[in-house]
Every structure is written in C-alpha cells, then in structure tokens.
Amino acid sequence: MKNIKITLSFLVLIMVLLSCKKYLDKLPDDLTTEKETFARYERVNQLVTDLYSKSKGANVPLAWFYHFSSAAITDEAEGTTVEGGITNSYNTGDWTPNGLPGDNGQFWDDLYSGIRKANVILAGIAANKTPDNPIQPGDLEKRIGETYFLRAYLHYLVLRIYGEAPYVERAVQTSNELDFKPESVHAMTEKIVKDATEAYNRLPASQDGQNFARVDKGACLGLIAVTRWTAATPLWNGAKANGYTGNRKFEGDYTYKATRWEAARDAAKAVLDFKNEAGGLRYKLYDRYSNKDFNDSGNKDYNGATVYTRLWQMFYDMDAFQNEAVWFVTRSKGEGWFGDVYPPSRGGGARQQPVQEQVDEYEYISPNGFGYPVYSSRAIIDGYDDANPYQSVKRDPRFYRDIIYHGAPFRNGNNQPSTLTTASGSDKINASNATRTGYYLRKFLQEAWNRDGSVSITAPPVWRLPEFIYIYAEAVNETSGPTQEIYDLINTVRARSFMAPMPPEAASNPSVMRDYIKRERRVEFFYENKRAFDSRLYLEPNNSTELAREQAWNSSGSTGTERSQKYWLQNPRPYPKTQHMINGMRPVVNPNGKIVIDGIKYSMERFFVEDRVFQTPKHYLFPIMQGELQRAPGLVQNPGW
C-alpha cells in the first residue's frame, strides 16, 4: 500500500510539473503585482514548481540535445542525420559563438534565465514576508531550500559546459546590459557549495508522499560532491601539467592541489554515509531479482537469457528511484523515443548507435574469476576471439543489456524471439535508417513495450549511488592510493550487475585502480550524459598516452578501415580517446566463422566509420554566444573561440 501511495503521488507531481503556469515569465505585469504574488504561499509554490520544470529542461540525460543524447558527440555513439543532424554538426566542428545546434534549454541564456527565476523567488519571499502554508506548516521553508538548491544546480550546469562564469545571486532583467564578471571555477565551486549547504539546512532527509521527487538533503550532498569532483579533475586541477594549452582568465588558479581531491573524497563519503530519518543508510544499490531472472517487463524472455531482469528494471522500478537515485528529473521522454532507437526491423530509426570504442570497454570474465579488458595481455590466452567477440568469452552483463550486436537475441517486429543480423535485411549496416557502426542501442529499452500506447521514461537519474562510489574511490586512490575499502566498494557495483570483481592487483596498484575506475564509470554510465563531459575533464584529447595511440593508429595502414583492423591485430589496445574518430564492427561471411545465423557462418571484422573534429583547447569548453559578450562586456570568451 505504501508503494502504491508513493507511486500515485509521484504521478501527481509529474502532472504538476507539466501543467504549471510560468508565472515568473510574466512578472511584473498589469494583472498580478509582485506584492500580490508573494503574499500567498500557493503562488510561491507554483513559482518553485515552475523552476523545477526549467531545471529539468536544462539537463535531461536521455536527450541533452532535445532530439539526441550527448553520447553521439563522443566515442560512445554515432548519430544519424535526421532533424538537422544535431550531433554531426559538433563532430564536424560546425559550431560557433554565433550558434549552437540542438539548444534544449541547456545553454547560457536559458541557464541564466532559470537562475534569474530562482533569484526573483528568493528576493520576493524575503521582501514580502510570504506566509507559510496554512495547511502544512514548514512547506515554505522547504520551497526556499529547494530554490537555493536549484540556483546552485543551474550554476553547476553553467560551470560544466562553460567553465569560468558569473555567479549571479540577485535578480536582474535579462534584457538589460549586464555588469557581471566571470569568476574562477574554484570560486564558483565554493558558492555552489554554499547555496547547496543553505538548501541542506532547510530540507528534510527525504521527501515522501506528494513531495516525492523534490530536492532533499541527499540531493544537496550529491551536488556538493559532484561539484567538488569536477573541480578536482585535470581540466581545473593541474591542467598545464596534463597538456592543456589554453589561457583562461584565471589560469593561475588551476595548478594542481591535492586538497581538491581530499574535498571531493569527503563530499562523496558524506553521500555514502548519509542516514535517513530512521538512522539507516539513505541510499543503497538496487538489487531486486536474482541471477536466474531474465524476463522483461512483459514477463517474457526474448533475450536468450543474456539480459538480467535486474539490469532492465533498475531504470524503471520505483524502488530504484526511492533508494538509489540521488537526483532525477521526471518523464525524460515518451514512447517516441523507442521509435528513435529501435532497429529498422522493429520500425525504428536507429537514431544513435553505439561505436566500437565503447564496446571495447566492456570487460570479459576470466576463467580465474576476475574481470579484465578485452585488450589486456591475457585476453587471448583466456579465449577472447576478436572474430567472435560477443560469445567467445562472457562479457560484462551490462554489455548484453546496453548493446544490440550481430547475432544478439532480440524480439522481432512480430513479437517473436529472433536473432538480429547486421549482414542482411533492413538492419544491415548502412541500409536505410540502419546502423553505420554495426550496433544498435539496447540500454533503457523495455522490449515488451510497443509504440501503440502511452509510455513515459524517467530513466536515467541525473545522479545515482554508483556516481558517488566512483568519486570516493577515485579521490581515495588519488590522495593515498588504493585501499581494500574502495576495492570492495567498486566490486559491490559490479556484483549488482552480476559482473566478476576486479583482480587483486587493483587493490595495491594506483595505476591499475585508476584504469578500472575510469572503465567502470564509462560502462556503468554509458548513454547517461556523462562521457561528453568526462572526456573533457580528463583532457583526454591532450593525454600523452592517447596521442601516442593516435600516432600508432595513423601509421597502421593507408586507409581508415585498414588502420582500424591492423591497429588492433598488431597490438590489442583501446582506440585513442582523442575524439578524432569512431570505429565499428561488421560481419563477413567465413566458412570457419563461429557466429551462425540462418545457416550462414560469420566472423567479425573491425572497420573505420568516420573522422571527427575535436580541436584543443577550443572544444574543451563551449563558446559564450557573441550576443552575450556584447551585452555583458565583463565576460571573457573561452580559449580558442
């Protein structure tokens, strides 16, 4: 009964978020004065709800570019050319201070518009002494706390894509000339932490009933931890020593300081240790269903016992949102999203397709009981065969949930078990609306759902518990080296996905642990709007190891496809993470092939898909629009633009 009540309340909140009037957009006006608006709690409550809606649109993980995920501007995925080919414009370098493709409210003007709304609310409540909710005393204090959080959160989103920027704490008219000046990322960090702490002090440990999905203390701690971690990463902490060549206004603030990792460590630990009102841990990993469960949401197994039910349901079960999600927005997309990503044989448009660079990051389970990358020195000895990469060894179970590959069991358009092929038919590589990489997206799909009903998708959360496990583990590793504690913590996330633990050497070797943490983060958060920012935070396109790999790639052959195959065969290793290319995997008919579909034997072969443009330091940060620079002369354009 409790779960039913919470679910109904959750749906009510969704309806409110979608239907609320945008009062702040018409304040002040001839019908409702500021004094009248802030004289009643109900109207202030509507203003805060509208601010939630604004903040939701600023960071929808599933579709950051409105029609597209940010995955396709990284080495996670390739995007199609439909609806303007938004992500392709970024990959060809076709974005300038005069225009950014795919604006979904996540860019400068909209972010600061939301910040202005927050400031108007806070100033209006203070100036007009807004009364509390007479029906539920204490609600006004919560709304104030939520507003402080959302102001800090929107500033974090500004920091994430623009870096140095103004931190605005007073209401201004966005149409006027602005006198604000940028601050260093570390100064912004402290102000985000200050606002989040103010919110924390006003909010409950959790929000239940009709307030479920509103900000609580845990979300405030999450914002502090993510911001501290961002400030500790190489882009903002030792950039010059890591190959960064730009000259930002506050460049002198970005020399390396170990204390920044210590602050990230402590902030992440606060999330992990946070208690609920009853004294138990507030957050826990979703662990319903066992390793015997493979049915989808329709209680059918169309995946050949390759995808665990737990891995499907962790993005849909209310229990996961109640216990693992630290901050999330509701109803990211609807049923049309399934049509966007389904293979053509299911009536879909394959809008974004995983690439080989991402596929290679899913480890395999060794006979010795531990997990290793397929490019490790022991992979071939353990049985990995690049011509049969999906079945020669058992891959991380998250791979089978996330990726549809040649030979994957997958429900067909007639609702029958089937085997997908990229060698022929409508799903063939480069057929109309088909994959260009040899892969289709499977993550978040509910295979029992059709496109003939009302479907809403809340997945994925903006932050969920593994985020803070990884931040804590990384910060410990960077400050004092690996420990048994962080080794065990990471392995709990792997075990939740029925994945083998890291090998023992990860618990004693900082370099090995660092590699595992980064690979874990990349696999766990595939297609969750992380990679586009993580690759920048770690300055991967300037990393000496990645540049050496790119040089090896360039010398591997005369054509892209020749390089793709020879680069791997000469010495198995990851493709360079410089964001300059993507690769795929295609089936070739081979009488000795181990993959058999409709009586035909295939082997897999790597191939080159496309070159991409990523210029450093230019593309590490987004440009501030030229119009904004003209309106606010104190602003400074980001390096390279």
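1. Let's start with the largest pocket of this predicted model, which has a volume of about 920 Å³. Its lining counts 39 residues, and those closest to the pocket centre are Arg514, Asp515, Lys518, Glu540 and Glu546.

2. Where does the lining of the largest pocket come from? Helix 15 (465–480), helix 17 (510–524), helix 18 (531–537) and helix 19 (544–554) each give at least two residues to it. The largest share belongs to helix 17, with nine residues.

3. If you sort the lining of the largest pocket by class, you will find 18 charged, 15 nonpolar and six polar residues.

4. On the helix 19 side, the contact is made by Arg549, Ala552, Trp553 and Asn554, and on the helix 20 side by Gly560, Arg563, Ser564 and Tyr567. By class, the residues of this contact are three nonpolar, three polar and two charged.

5. Finally, do visit Thr80, in the loop that runs between strand 1 (77–79) and helix 4 (86–91). Is Thr80 buried or exposed? Its relative accessibility is 13%, so Thr80 counts as buried, the cut-off being under 20%. Setting aside neighbours within four places in sequence, Thr80 is in contact with Phe68, Gly85 and Asn88, as well as with Gly349, Ala350, Arg351 and Gln353.

Methods
Residues numbered from 1 in each chain as written. Predicted model: local features only at pLDDT ≥ 70, side-chain atom pairs only at ≥ 80, totals over all residues. Heavy atoms only, no water. 1 Å grid on protein atoms, 1.4 Å probe; cavity = no way out; pocket = protein on both sides within 12 Å on 5 of 7 lines; lining within 4 Å. Points joined across faces, edges and corners; volume = space filled by probe spheres on them. Helix = DSSP H or I, 4+ residues; strand = E, 2+ residues; numbered from the N terminus. Nonpolar A, V, L, I, M, F, W, Y, C, P; charged D, E, K, R; others polar. Contact = heavy atoms within 4.5 Å. Buried < 20%, exposed > 50% of the residue type's maximum accessible area, 1.4 Å probe, protein only.
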